[in-house]
Amino acid sequence: MGGGSALETSAAAAATAAGTATPVAPSWEEAQRALLLPPSRYDPLRHACWAGGRPAPAPSYSSTPTTTPAAAGGPTPYAHVAACLAALESTTKRLAKEDALTNAFRAVLAGAADPRVDLVAVLYLLTGRIGPEYERLELNVGGATVGAALGAATGASGARLKQLYRELGDLGDVAQACRRTQSTLVAPAPLLAGRLLAQLRALAADKGTGVAARRQAAVLGLLRACREGEVKYLTRTLISNLRVGANWRSVLGPLGRAVLIHRRTQAAAAAAASSAAAAVGSSASVSAAPPPLPSKAELDAAASAVVAAYHLCPCFELLVPALLEDGPEGLERRCVLTPGVPLKPMLARICGGVADGLRQLGPGAPFLAEYKYDGVRAQIHLLPGGQVRIFSRNCEDRTEAFPDVCALVRAAAGLGATGGADGPEAAAGARAGDGDPRVGPSAREPPSATPRRHHQQQPTAATATVSLVLDAEVVAVEWVAAEAALAMAAAAAKAAAAAEAGVPAEEGGEGDGEGGDGEGPDGGRGAGGGGCVAPPYRLRAFQELATRSRGQVAEHEVTVQVCVFVFDLLPLRERRSLLPAALPRMSPGRVMTATAVEVQPTEPPQLQQQPGQQQAGGAAPAGRRGGRKGPPAAEAQGGAGAGASGSDEEEEGEEAAGGAIKRDYCEGLRDSVDVVPIGAWYGQGRKVKWFSPFLLAVYDPVSETFQSLCRCMSGFSDEFYTAARERLGAQIIPGPKPYYDTGERPSVWFEPTEVWELRGADLTLSPVHRAAAGRLHPGRGVGLRFPR
């Protein structure tokens, strides 16, 4: 902290020399270093980097009231944002990053003319976004556009830019290097945070003929207006790659702390001014000191309140005004669940097996074990009027890609052909007719249920639901004809009878009952165990769902049919009992509740504690609710951590109630594969000096070829990258060997000289990788998902 002390001394000396109460603005580098000071030593008015006008003077704690009116604050410059980003990039310490963000927000609150507007702009610019995730505001400015504008702004040639990029690996660093060699006769007008955000949003919204030229001209104007360190971070913002580790998770806690500190400071200043005014005309003297910071518990509570509010209302434009008006303590009342505004999902914690999952939940805690479906996580909102909106786990709006899901949900909610703004084709999903798989169930369709299992339950009253929010999984399905469904049921019943009699089932007799990729009652296999009628559908693998278009499609253009498996009705409390009433016309294979088994342990399980692992207490279940790909274990009674305000990045120690058990997490079930690196790409950013990712292949002794299996860039240490760069760099060859079979085109190719052990989540069909090509699919090979 020696640098900080020198900075404070320098600023104080400058203010004294100037002979005025208004401090002299520090340089950009000094402001950057000052942001890393502890909040107790940071002065948001003396240390802030303000261009184009100073903020209002600091509150006076003198016994003599001043008669000079406070100067109006000015707009927040982008230089302040850039200084904060530079401070974040200069340290790897989490607490130092939190202090820098807290101090940056305090400076905006204390010095901006309109903190409500400027704080929103600063939040978006610090996180590299220009709007809420669910509004699909993307800059879509490519590196080529930014590179051309950078060359025009700095005078650097294309060859020079390419050389710098190969050396530095980051376009922002390239822009900064070019900027250092350029001088201007007249300093440009400063970039202002609020105005810059508006310009970036206009850039993202620009469409039509000539948009490429207009974008390049707009980017050129912005780059020319940059000062000092601004060009580096503006360039990174334009290409959506800030590389400082700031995101919505990291800014929310410091935002709550900054607002609490600012409100306490304002209250203390007002009290001091009132005491000083009362002392005027009397001989009594009043002395006051700057207020102390709130306690750590108070600061942490403010941070948690902002995080919880953002999960319910992930929009800075709505969160910031509520926070400034009512403080952190008022957010619970102001920020509530609103259909149409997605909630941040809660991700399940990894469990190393059933025993580990029970240990995390706590001894004797009742829980719900649900199937893990191999599909796409969806948060489905039914709005008043029949409009349906679908959001991904990242809160991205995916409504246009799933018009069939919109129709299915409307039908399940009992809205019939009621259309909504999600598209005119959605109304077709409620057409009557037994042959249309998109319609709700008929009176002849029986419910699918077994004792103590939470499946499909059809309510007696088919009342329409006005609005709801569902947490669900969209899974690819194949509907089968009635004859095939009867055959599946007969095969399952035969297998069940054989099992009950202790006679082994005939070979292949259980295959039809399993329904392809189906599971339990949802896929046909459970029919043998409970005597249920086999459903007229089969679950399909995730890779088939992945073939659907990710963009806008009409309902008649859908090539892969889906079923919506509903986990939760948000908020989560009493959710299971409310689901049948909220979706009165659910039907098998279209919209269903997720299959689950409620487990009530009769006594606390005696689980052996693993070395180095703390004993879990019964009052603090350690799982996280909701992040399924369907986490199979969740607390049945829905504790505090199971609410809709939970997070996938909660502070350590908070309650949560969900865990995910996957095959590649469990000892004894996961496996590895031997692979050979045959190529690689040059790394970017921090990995510019290394190879990353690597192209890995398996050897086929029949065809005597190396067939690519995956790319891999996870699980490697810096030491491994350095050693691999040296070893494999000596094995580079001009092009691929004739016996390399891959659809990839890496930057460099290697001689096949090393064998690595690799793990992954699952195998999937791939249009690019060629492992086992032609054996499972006529035109595709096998690829490894999530390799590490």
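**Backbone exceptions, buried residues and helix packing**

Ala772 is partly exposed, with a relative accessible area of 25%, where buried denotes a relative accessible area under 20%, exposed one over 50%, and partly exposed anything in between, for a 1.4 Å probe and protein chains only. The model is a predicted one, in which local features require pLDDT of at least 70 and side-chain atom pairs count only at pLDDT 80 or more, while totals for chains, interfaces and linings use all residues. Residues are numbered from 1 along each chain as its sequence is written, and side-chain values use heavy atoms, with hydrogens and water left out.

The secondary structure of the protein comprises 24 helices and 21 strands, helices being DSSP runs of H or I with at least four residues and strands runs of E with at least two, both numbered from the N terminus. Of the 788 residues, 49% count as buried. Among contacts with a sequence separation of 6 or more, 73% involve residues 24 or more positions apart, a contact being defined by heavy atoms within 4.5 Å.

Most residues other than glycine have a negative phi, and most peptide bonds are trans. Ala772, which lies in the loop between β20 (762–766) and β21 (781–785), has a positive phi near 55 degrees although the residue is not glycine. Phe786, located in the segment after β21, likewise has a positive phi, near 50 degrees, and with a relative accessibility of 55% Phe786 counts as exposed. A cis peptide bond, with omega about 0 degrees, joins Ser692 and Pro693, and Pro693 belongs to strand β14 (residues 691–700).

Ala412, in helix α17 (residues 403–412), is buried at 1% relative accessibility. Although Ala412 and Leu583 are separated by 171 residues in sequence, their C-alpha atoms are 5.0 Å apart, and, when residues up to four places away in sequence are not counted, Ala412 touches Leu583, Pro584, Arg585, Met586 and Val591. Asp118, in helix α5, is also buried, with a relative accessible area of 7%. The C-alpha atoms of Asp118 and Ala193 lie 6.7 Å apart across a sequence separation of 75 residues. Apart from neighbours within four places in sequence, Asp118 is in contact with Gly74, Pro75, Thr76, Val108 and Ala112.

Helix packing was examined next. Two packed helices are described by the angle between their axes and the distance between the axes. The axes are lines fitted to C-alpha atoms, for helices over the stretch in contact, and angles between N-to-C directions run from 0 to 180 degrees. Helix α5 (residues 115–126) packs against helix α9 (residues 193–205) at an angle of about 60 degrees, with the axes 8 Å apart. The pair is therefore oblique, given that angles under 35 degrees count as roughly parallel, over 145 as roughly antiparallel, 65 to 115 as roughly perpendicular and the rest as oblique. The contact is formed by Ala121, Val122, Tyr124 and Leu125 of α5 together with Ala193, Gly194, Leu196, Leu197, Leu200 and Arg201 of α9. By class, the contact of α5 with α9 has eight nonpolar, one polar and one charged residues, where Ala, Val, Leu, Ile, Met, Phe, Trp, Tyr, Cys and Pro count as nonpolar, Asp, Glu, Lys and Arg as charged, and the others, Gly among them, as polar.

The axes of α5 and helix α14 (residues 316–326) come within 10 Å and cross at roughly 135 degrees, which means that α5 is oblique to α14. In this contact, Pro115, Arg116, Leu119, Val120, Leu123 and Tyr124 of α5 meet Phe316, Glu317, Val320, Pro321, Leu324 and Glu325 of α14, and the residues involved divide into nine nonpolar, no polar and three charged.

For helix α3 (residues 78–89) and helix α4 (residues 94–111), the axes come within 9 Å and cross at roughly 170 degrees, so the helices are roughly antiparallel to each other. Here His80, Cys84, Ala87 and Leu88 of α3 meet Lys97, Ala100, Leu101, Ala104, Ala107 and Val108 of α4, with eight nonpolar, one polar and one charged residues in the contact.
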